[in-house]
Amino acid sequence: MSNSQLSPTAVERENPSALEGDLCHAIDQHLKYSLGKNPEHATVYDWRMSLSLAIRDKIVDPWFSSTQRTYERQHKRVYYLSMEFLIGRLLEDAVVNLRLEDNTRQALAGFGVDYDAIIKDEPDAALGNGGLGRLAACFLESMSTIGCPAYGYGIRYEHGLFRQSFEDGRQIETAETWLAQRHAWEFERPEVAYVIGFGGTVTEKGPTNVWSPAETVIASGYDIPIVGWQGRWANTLRLWSAKPTTVFDLEQFNQGHYTAAAEPEVLARTISRVLYPDDTTADGKELRLKQEYFFTAASIRDIVRRFKSECDDITKLAERAAIQLNDTHPAIAGPELTRVLHDENGLAFEEAFEIAQACLSYTNHTLLPEALERWSAKLMTRVLPRHMQLIEKIDAHHAKQNPTRHASVTPIENGEVKMGELAFICAHKVNGVSALHTGLMKKTVFQNLHTLHPDRIVNQTNGVTPRRWLWSCNRPLSQLITDTIGDGWVDDLGRLEETEPYLTDLSYLEKFAEAKQQNKDHLANWIKQEWDISVDPSAIFDVQIKRIHEYKRQFMNILETIALWHAIRENPNANWTPRVKIFGGKAAPGYVVAKEIIHLINDVAKVINSDLLMKGRLTVVYPANYNVSMAELLIPATDLSEQISTAGKEASGTGNMKFAMNGALTIGTLDGANVEIRECVGAENFFLFGMTTGQADQRRQDPNHSKKVIEASPELTGALEMIGSGTFSPGEPTRFKGLVELMEKNDYFLVCSDFDSYYAKQREVEQVFQDQKIWTRMAAANTARMGWFSSDRTIRSYMKDIWNLEPAQ
């Protein structure tokens with residue numbers, strides 16, 4: 001490759017001092033001309049914005065170059081549609097991927113500015129909630145690293161999910177304000193705007209149908225460049241913001257109706273204000289459906305527009321566009337793309353549907369039937385009348401092609417539109433996200449569809465980007481790995497296996513333990529500074545961070561914590577291994593049980609942390625508002641990773657991968673990607689407990705299963721009795737009565753049935769932890785054997801098995 005083809009950063013790295021001077025000049029220029037400040041009066045915000053804009057400038061050239069090469073070679077593109085993109089902070093990510101950290105530190109130091117303080121000032125982009133959004137972010141970064149031409153499509157949420165705080169232990173939700181400041185990484189695209197309709201009527205005009213919406217909004221595009229490792233390629237994350245077609249009703253305003261004058265803008269912006277609005281009300285359901293159609297329709301139109309700018313033959317769309325649906329949220333893409341091809345481009349329905357199907361593929365993320373979206377057919381007809389017609393037509397077409405299909409194989413059933421079945425029928429490939437999950441998809445939620453289409457379901461085990469989740473977030477460990485085997489592992493994670501010979505090297509293991517301790521010391525200082533809780537850095541840092549849900553079983557974790565607290569109090573002089581229990585995660589605003597679990601955890605923490613007998617023995621910490629940046633702090637410091645979901649309920653998980661990659665040992669069930677992680681790291685380096693999926697299904701057949709195991713378990717009985725009697729809520733003894741009754745009468749997720757196995761395995765954990773040489777060797781083995789769980793590997797597999805394309809770089 002000639003110098004003219006290299007990104008400017010690659011050329012400049014040959015002369016570090018020149019690059020540092022260039023950065024200084026760029027920062028100074030942006031401070032002056034973009035922020036209107038001089039160095040003497042600049043705030044941390046001003047320095048961060050100036051640095052962000054200077055770094056963004058260095059991304060633009062490879063971004064333009066990547067786009068130009070894709071156009072010139074007429075390369076097929078991937079379009080990744082997702083309701084969430086949990087991208088976190090972007091400044092450090094960009095600096096790291098451009099290999100500019102040392103130069104940036106020095107450039108800022110020349111102004112007397114601390115690099116770390118600038119990095120920490122950036123707010124997390126409030127564009128996601130959990131694993132779904134973080135996976136999408138990892139995939140975008142990996143596609144850029146590999147050179148896979150791609151667009152990510154989502155919504156530019158003004159307020160994200162919510163900002164979590166605790167009041168008397170209860171979760172309080174307030175709006176995120178990440179866009180209160182200018183977002184340095186986005187480029188507004190006013191020319192990229194599409195009118196999106198809702199409601200109205202459908203009329204037949206000859207061979208075509210004309211949809212006349214009653215309500216319209218404008219989807220306006222904002223682009224964020226996502227640069228890959230070493231700045232070789234950059235892709236685009238395009239986010240849609242909802243804007244009114246009528247900005248302001250001046251006549252209403254002049255008549256004194258000021259609120260009514262602004263109503264069009266307020267109603268339009270509602271669509272892109274909040275991620276996952278509470279859908280326990282009819283209005284909430286309608287808003288959710290409108291959100292999903294809004295971003296999907298805008299994305300489909302953008303894809304078709306781009307294709308038409310390059311090719312006149314719309315029938316060749318599938319040769320140039322691979323559209324991946326990340327869960328069921330964009331499942332309306334099947335009817336929408338069919339509508340665009342049929343109604344607007346004149347193709348026969350059958351041909352339009354076949355082209356749409358050839359373009360579309362669908363990633364399933366759940367085996368929980370209630371999580372596979374269903375919309376009332378009446379709501380669908382009212383909000384998207386043409387699409388309801390097309391869904392019925394797609395169903396009839398599928399039935400005609402498959403006359404022996406089972407009665408349940410329909411996207412319309414009992415007055416509801418089943419979005420999982422619709423996504424499956426409209427896709428040419430459907431993938432699960434772990435080997436176990438994919439196998440269970442074939443046997444459970446899509447059993448009958450799999451029988452009809454036995455080649456459609458494929459597995460694509462998830463992965464995470466090692467740039468953010470090891471190289472960047474865990475500098476002590478990544479430096480040790482690099483000093484030992486070089487830095488080739490950063491974009492070829494399989495090379496971590498080259499550390500395998502060092503698992504018997506005492507010097508290497510000592511350095512590995514030192515790296516972990518540095519991270520634990522750092523986290524302990526943060527917990528003290530931010531939450532005023534003192535923790536012992538030599539204790540087991542036992543961490544469970546994920547959205548709060550019954551199947552993820554945070555309740556079992558806190559039950560074990562209560563049982564341990566009681567055991568310590570009963571025998572305080574025993575040889576207890578000090579432990580710090582750390583929880584993190586949000587509950588959906590309408591999820592009452594999950595919010596009660598949060599309340600219980602905080603109430604238990606209050607009692608345990610005020611018990612003088614627990615000092616140096618047991619501490620419980622629940623920092624509020626868990627996000628990507630907090631994960632980057634917690635994961636490198638973790639000793640024990642809690643992956644304790646009910647077998648058969650977690651599709652994959654990616655947190656489990658991040659923890660193991662960073663040298664945490666897993667206590668977990670045979671669920672999701674835990675199965676493959678255990679196979680890779682070795683059963684001897686994994687603390688397995690609990691029932692298998694088959695055993696769990698069998699256990700549920702006994703209507704008295706929870707009652708029996710509670711009666712047989714003194715530790716579980718004691719923990720539930722303390723909760724039920726008000727030990728942790730003395731002012732309101734019956735506060736958690738509902739949770740206790742849930743365990744006794746309707747323990748679907750088998751917390752009670754797995755409790756004794758979990759409790760015993762935790763005692764084994766403590767015994768192993770007391771021998772730090774054994775523990776460190778096990779931890780180092782986890783890191784050495786996690787190379788397969790890179791999102792680079794996952795993306796290459798999607799490219800081969802689903803998207804049918806080669807890297808463009």
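Are Arg579 and Asp542 buried or exposed? Arg579 is buried, and Asp542 is buried too (buried means under 20% relative accessible area, exposed over 50%, partly exposed in between, with a 1.4 Å probe and protein chains only).

## About the model

This is a predicted model, in which local features need pLDDT of at least 70 and side-chain atom pairs count only at pLDDT 80 or more, while totals for chains, interfaces and linings use all residues. Residues are numbered from 1 along each chain as its sequence is written, and side-chain values use heavy atoms, leaving out hydrogens and water.

## Salt bridges

Searching the whole structure gives 62 salt bridges (a side-chain nitrogen of Lys or Arg within 4 Å of a carboxyl oxygen of Asp or Glu). Our opening pair is one example: Arg579 and Asp542 form a salt bridge, with their closest N and O atoms 2.7 Å apart. Arg579 sits in strand β18 (residues 579-584) and Asp542 in strand β17 (residues 540-545), so the pair ties together parts 37 residues apart in sequence. Strands here are DSSP runs of E with at least two residues, and helices are runs of H or I with at least four, numbered from the N terminus.

Both residues also belong to a network of salt bridges that links Asp542, Glu560, Arg579, Lys581, Glu642, Arg763 and Glu766.

## Two more pairs

Glu650 and Lys552 form a salt bridge, their closest N and O atoms being 2.9 Å apart. Glu650 is buried, as is Lys552.

Arg700 pairs with Asp697 in a salt bridge, where the closest N and O atoms are 3.1 Å apart. Arg700 counts as buried because its relative accessibility is 17%, whereas Asp697, at 39%, counts as partly exposed.
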